[in-house]
Amino acid sequence: MKFFLLLSFIGFCWAQYDPHTLYGRSSIVHLFEWRWADIAKECERYLAPNGFGGVQVSPPNENLVVNNPSRPWWERYQPISYKICSRSGNEDEFKDMVTRCNNVGVRIYVDAVMNHMCGVGAEAGTSSTCGSYFNPGTRDFPAVPYSGWDFNDGKCTTSSGGIESYNDASQVRDCRLTGLLDLALGKDYVRTTLANYLNHLIDIGVAGFRLDASKHMWPGDIKAILDKLNNLNTQWFSEGSRPLIYQEVIDLGGEAVTSSEYYGNGRVTEFKYGAKLGTVIRKWNGEKMAYLKNWGEGWGFMPSDRALVFVDNHDNQRGHGAGGSSILTFWDARLYKMAVGFMLAHPYGLTRVMSSYYWPRYFENGDDVNNWVGPPNDNGVTKEVTINEDSTCGNGWVCEHRWRQIRNMVAFRNIVGFEPFSNWWDNGSNQVAFGRGNKGFIVFNNDDWSLSTTLQTGLPAGTYCDIISGDKVNGYCTGIQVYVSDDGTAQFSISNSAEDPFIAIHVESKI
């Protein structure tokens, strides 16, 4: 009995780090600003058949409407109430999406905005996605309800009421982030109100939460809210399952707030991952892919079992957040596919793939002045995600998760599972290769000259289809073939001018 109780306790302690994906599925995709109806379809027609584990969705609650023709993406991060009512759809559509995605084994993770309400300068009225009245000036949000008692105005010590120094942890957590009204998360009423919102989503069937702006909340306040949460819905999850938690904490070092303070609550976003990998793939500052041999904790990252990793996210692909110009995005497609391929092949962290939309880029003084533009829309109404004959997306949606190279690397990660990092090779520069036990092998050529060499793959002998240049279809390869000898070695040739200068094979790509 004592042993059983110990196992139960260990399971409970680890529960908030578990994404609850089906066995053999591992990666999350962020379908940024998609409508609920389109996500439901995508779960059924593409994500489940291609082994995606779950979807991060945009905040579903009522938010401020910023009246311009495009309605900026950031309005979703200015809550007015916790009604399920946004430009992605209403509560019935949200429920339908969660049910349909869960029924095909694709989990839903909600981007939860708990730190604040809308900006202090927003005009009072009913300009919100559900039409609820609000008055930021008097701190009046009757649809919640919140009043002046529920904000940190008296706790913040700066003259402006906003964050003035990131070297002061109290300012970072008690003062307004870019003018957003900071909620008093130390108060039980506020904690309970937020927990009720999250519990409503849990009861609908979501599997977990990204906690926006966690850096701006005290870890103990977050824990107090999480302690009030229900177990996951037993229609789709085992008895006693706890929601996955991953907290947005931008920590590149040198500030008062550190990621490690949040490990006890759940996983944490490892922002150093995309920033460093982008610098390496771009070959900036003398960095080389050969240096990636000890990638992960060896680079000063958080423990793998605490990390949520990504090449880019909705913030830093626009120049916000962290990482600056080193961040790789779909605009740098050739290098981006290599970076995402590396992330999905490497065992470190819980991986999240970005799925974006296009916006009209225009630079002034190095800044993209159109980084605010909202999703593809007609007069503020979000456009449907249409699918072209070649499986790419139309209507202004990028859909990186549908790119063959990324889709096939999601499958690669599923197939290699928990196999160890193995058979590392490098040329001392930007040609590298590594395996995952005896199940997968990947080779990169990011040098300015061609690669041609024989490498130990660790894979069984046979003919394999490269899943980057093509697919295995009916026992044939539509792209490059790789021949693995009886001793596990194979000859690889990759031109430095190749469209995708990397090759990946795994046991299920064998013909």
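Student: What are the helix and strand percentages over residues 26–413, and how far apart are the end C-alpha atoms?

Tutor: Over residues 26–413 the chain is 23% helix and 16% strand, with the end C-alpha atoms 7 Å apart. Helices (H or I, at least four residues) and strands (E, at least two) are DSSP runs, numbered from the N terminus. The model is predicted: local features need pLDDT of at least 70, side-chain atom pairs count only at pLDDT 80 or more, and totals for chains, interfaces and linings use all residues. Residues are numbered from 1 along each chain as its sequence is written, and side-chain values use heavy atoms, with hydrogens and water left out.

Student: Why are α7 and α8 called oblique to each other?

Tutor: Helix α7 (residues 271–281) and helix α8 (residues 333–345) pack at an angle of about 125°, their axes 10 Å apart. Axes are lines fitted to C-alpha atoms, for helices over the stretch in contact, and angles run from 0 to 180 degrees between N-to-C directions. Angles under 35 degrees count as roughly parallel, over 145 as roughly antiparallel, 65 to 115 as roughly perpendicular and the rest as oblique. The pair α7 and α8 is therefore oblique.

Student: What makes α6 largely enclosed by the rest of the structure?

Tutor: Buried means under 20% relative accessible area, exposed over 50%, partly exposed in between (1.4 Å probe, protein chains only). Six of the eight residues of helix α6 (residues 219–226) are buried, so α6 is largely enclosed. These buried residues are Pro219, Asp221, Ile222, Ala224, Ile225 and Leu226. They pack against α4 (169–174), α5 (188–204), β9 (208–211) and β10 (244–247), where contact means heavy atoms within 4.5 Å.
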